[in-house]
2 protein chains.
Amino acid sequence: MYDRIKGFRDFYPGEMAARRETIDTIEEAARRYGFREIGTPALERAELWTDKSGDEIVDELYAFEDQGGRHVTLTPELTPTVARMVVAKQQELSKPIKWFSTRPFWRYEQVQQGRQREFYQTNVDIFGSSEPEADAEILAWAADALTSLELTGEHFEFRISHRDILGGVLETYDADVAIDDAIRAVDKSGKITTAEYHDLLVEAGLTYDQAAEFDDLIASGDLEDVKAFADTERVDDAVSNLQNVLEAAEDFGAREYCTVSLETARGLDYYTGVVFECFDSAGEVSRSIFGGGRYDDLIESFGGQPTPAVGVAPGHATLSLLCQRAGVWPAEEVTTDYYVLQVGDTRPEAARIARDLRERGHVVETDIAGRSFGSQLNYADSINAETVVIAGEQDLENDEVTIKDMDSGEQTQVPVDEFPGEHDRPTFEDVS
Amino acid sequence: MYDRIKGFRDFYPGEMAARRETIDTIEEAARRYGFREIGTPALERAELWTDKSGDEIVDELYAFEDQGGRHVTLTPELTPTVARMVVAKQQELSKPIKWFSTRPFWRYEQVQQGRQREFYQTNVDIFGSSEPEADAEILAWAADALTSLELTGEHFEFRISHRDILGGVLETYDADVAIDDAIRAVDKSGKITTAEYHDLLVEAGLTYDQAAEFDDLIASGDLEDVKAFADTERVDDAVSNLQNVLEAAEDFGAREYCTVSLETARGLDYYTGVVFECFDSAGEVSRSIFGGGRYDDLIESFGGQPTPAVGVAPGHATLSLLCQRAGVWPAEEVTTDYYVLQVGDTRPEAARIARDLRERGHVVETDIAGRSFGSQLNYADSINAETVVIAGEQDLENDEVTIKDMDSGEQTQVPVDEFPGEHDRPTFEDVS
């Protein structure tokens, strides 16, 4: 007997039905905004991450040498891939470019609740607009996706910040501060102690006094205080940009879900402007549900024309935890419209009925295992069949079939040429 | 600038739209038969293939050692994974188990038309029935899937054989024949010369005279001749089983697409009974479009209870070639219901209209890049917008918006509170 690999999940039909409904719902929301589906490779050259993405993700790569001697990796996230794709067709693509896709990614990390080594994300990105409306549209889609899942503002909030506020404040210190390291410390601050947080800031180049001061300023989240403290054009511009994004989010219907939270930083190095994370309002899912933000420099660093970009990538593992705790996760069960039960040698007629019902678009099973009446009825029950059509030899001699409602157990006989006949989706109610 | 890896494809929105329509169509056909979607890992322990699947596929594995020292591989096909999943929950699952899924697989092989190193398949399998109806339901689904794509019997045919016919005939020779090697030779026979084919049969243990005789017998495809030649119960049973499958396929509506072709063998070692391949009737796509068959011993060999199984896995690359040559491949373009064009500072009203239209389920874009009238109109054209709603400052002062039909270029003004108003999907025709 073989085991699956640790951190990799099998999804059986019941759970998969709930996942599919969720994925379809949030993809439909993306389609309504005019995001277009793309398809992307599972393997890329490892340099796409080792060159630019920071040590943390590089340590977690499923990287190896392929048979052709290429240093390749299973993709740990989508952003460098879509950046590569934009660069490859930069001239042909009309802008803004608005793409989405749902697929697995892979990182060798500690397995825990809501975090597997293989995990699914729906990535949604806009390339070619630096305007605050692009950031706001990403937020609006995320809000629409979540509310389409029947989540509400009681269940989730978007915590929003701006990389240039953090970077702009940090660069006002005289110290030779490693800005990226300090921002990564901010990103971790919610998961570590204050002392550990300050240690990380000191490692990045601040003194302990500066670290405490910076922590207080950022934790307050007061944009006017931050502007006054830094007193630089960079921070003024960043605050204005953040406010403009929130104003556009108001018009787009997403403002009510947004809270300014300067402690939100995102771990990846390539973010440049607005960044945000979605959190469980009740605090039961402790890590962020998902995050996103602006990465205006990435396309150029990949060899393309300067192209502003903003995106978000809900992860389906944390999203399902949130939905489950909010009581809106779909039922994990399969559904079946009809089971056509054969008694005796009635395969031709049962097959005809099954085909007629399938042509009307219904989910229909019939016996393919030569089983008894009782065994077929148990199976019909196990697949949650709504209606059972019993094609029995005796009934058919009278040109009839029996229609059984599986919920009530009631049944009735109908002429075989009236089933399904003119009906689009005949139930016991329709024919009794 | 980074390149994608050889043999890996990027799918941009136009092509992806056509692929998505195709995948949706054949998955919907699977759902109508009561096949249930599952989700499966991209990585498995390499032993799942190295133990049982034959050298050819093993040589093509993307296998490596993960950070935990596991010998893992990107999955080259799905069958061992679903077998593993059946074994893991054998007691709980009600039978027959009917599963489907669409996802990529990976093999390091020569890249050519219709064959990439990353390729997509829709796998459809039935576990727990040894009856001919199960084989026939797989054929019926495959036929339904293809005809749902608007392909017809003029475009494709299923060539059907039986492993026990080939094996049963081979074992009648006195020679110490390596049956699996000989069957692989049959599988290759369509792609190599007769001399090469006979050489492979001789390598497998036949004499040259026996190889020629065997070739003639199998090429004739005459089931009575084959029975008479072998004169064994094994071959008699296999021929009966094949005929029973074809009879059930008649009831299920798939018989008309089936041809007996004993030269169809399938390359993988785990097949046991009926095997079949789908071919382009016009012969333009020279290799098989896809194949499948019965593999009754695999579950037991994986440590499970003896469980008969039959499945098929259309590959999307060859399927798209077939559809393209048949002229039924969907248009490779994106579609858009509405573009809401902003002239001046009309964002709040444009956003309101866009939201109202999206709530009705439509695909709607609006300006998120601060662009000019002309630039927005060009963009609307590039995304094939059907209707453009122009929210201009002056119009709005009169409480009006302009509705423009992009096909005809005609436009008209309507009261802003009547758009979309009571209409579900208002076009220029509805409001002019």
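**View 1. A:Tyr270 is buried, at 7% relative accessibility.** Here buried means under 20% relative accessible area, exposed over 50% and partly exposed in between, with a 1.4 Å probe and protein chains only. The model is predicted: local features need pLDDT of at least 70, side-chain atom pairs count only at pLDDT 80 or more, and totals for chains, interfaces and linings use all residues. Residues are numbered from 1 along each chain as its sequence is written, chains are lettered from A and ligands numbered from 1 in the order in which they are written, and side-chain values use heavy atoms, with hydrogens and water left out. A:Tyr270 is located in the loop that runs between strand 8 (258-260) and strand 9 (274-280) of chain A. Helices (H or I, at least four residues) and strands (E, at least two) are DSSP runs, numbered from the N terminus. The side chains of A:Tyr270 and A:Glu77 make a polar contact at 2.5 Å. A polar contact is a pair of N or O atoms within 3.5 Å; within protein, one must be able to donate a hydrogen and the other to accept it, and residues adjacent in sequence count only if both atoms are side-chain atoms. UniProt, in an unreviewed entry, lists both A:Glu77 and A:Tyr270 under the feature "binding site". UniProt positions are given in the numbering used here, feature names are shortened, and annotations may be inferred rather than shown by experiment.

**View 2. A:Arg107 and its surroundings.** The "binding site" feature of the unreviewed UniProt entry also includes A:Arg107. This residue belongs to the loop between strand 5 (97-106) and strand 6 (118-127) of chain A. With a relative accessible area of 18%, A:Arg107 is buried. Not counting residues up to four places away in sequence, A:Arg107 touches A:Ile57, A:Glu60, A:Tyr62, A:Pro76, A:Glu77, A:Arg117 and A:Phe119; contact means heavy atoms within 4.5 Å. A polar atom of the A:Arg107 side chain lies 3.0 Å from the backbone oxygen of A:Pro76.

**View 3. Two aromatic pairs in chain A, A:Phe8 with A:Tyr62 and A:Tyr339 with A:Tyr379.** Over all chains, the search of the whole structure finds 40 aromatic pairs. The pair of A:Phe8 and A:Tyr62 is edge-to-face, with 6.0 Å centre to centre and 80° between the planes. It links distant parts of the chain, 54 residues apart: A:Phe8 in the segment before helix 1 (13-32) of chain A, and A:Tyr62 in strand 3 (residues 62-65) of chain A. A:Phe8 is buried at a relative accessible area of 1%, and A:Tyr62 counts as buried at 2% relative accessibility. A:Tyr339 and A:Tyr379 also form an edge-to-face aromatic pair, 6.0 Å centre to centre with 70° between the planes. This pair likewise links distant parts of the chain, 40 residues apart: A:Tyr339 in strand 12 (residues 336-343) and A:Tyr379 in helix 15 (residues 373-382), both of chain A. A:Tyr339 is buried at 1% relative accessibility, and A:Tyr379 is buried at 5%. Rings of Phe, Tyr and Trp (its six-membered ring) pair if their centres lie within 6.5 Å; planes under 30 degrees apart count as stacked, over 60 as edge-to-face and the rest as tilted.

**View 4. An aromatic cluster with residues from chains A and B.** The cluster is formed by A:Tyr12, B:Trp99, B:Phe127, B:Tyr270, B:Tyr271 and B:Tyr295.

**View 5. Arginine over phenylalanine in chain A and in chain B.** A:Arg159 lies over the face of A:Phe279, 3.8 Å from the ring centre. In chain B, the charged end of B:Arg159 sits over the ring of B:Phe279 at 3.8 Å from its centre. A charge sits over a ring if NZ of Lys or CZ of Arg is within 6 Å of the ring centre and within 35 degrees of the ring normal.

**View 6. A:Ser261 and its contacts.** A:Ser261 is placed in the loop between strand 8 and strand 9 of chain A and is buried, at a relative accessible area of 14%. Leaving aside neighbours within four places in sequence, A:Ser261 is in contact with A:Arg159, A:Ile160 and A:Ser161. A:Ala219 is 42 residues from A:Ser261 in sequence, with 7.6 Å between the C-alpha atoms.

**View 7. A:Ala88 and residues of chain B.** A:Ala88 is part of helix 4 (residues 79-88) of chain A and counts as partly exposed, at 41% relative accessibility. Apart from neighbours within four places in sequence, A:Ala88 is in contact with B:Met1 and B:Tyr12.

**View 8. B:Gln210 in helix 9 (residues 208-220) of chain B.** B:Gln210 counts as buried at 18% relative accessibility. Its side chain reaches the backbone nitrogen of B:Thr207 at 2.9 Å.
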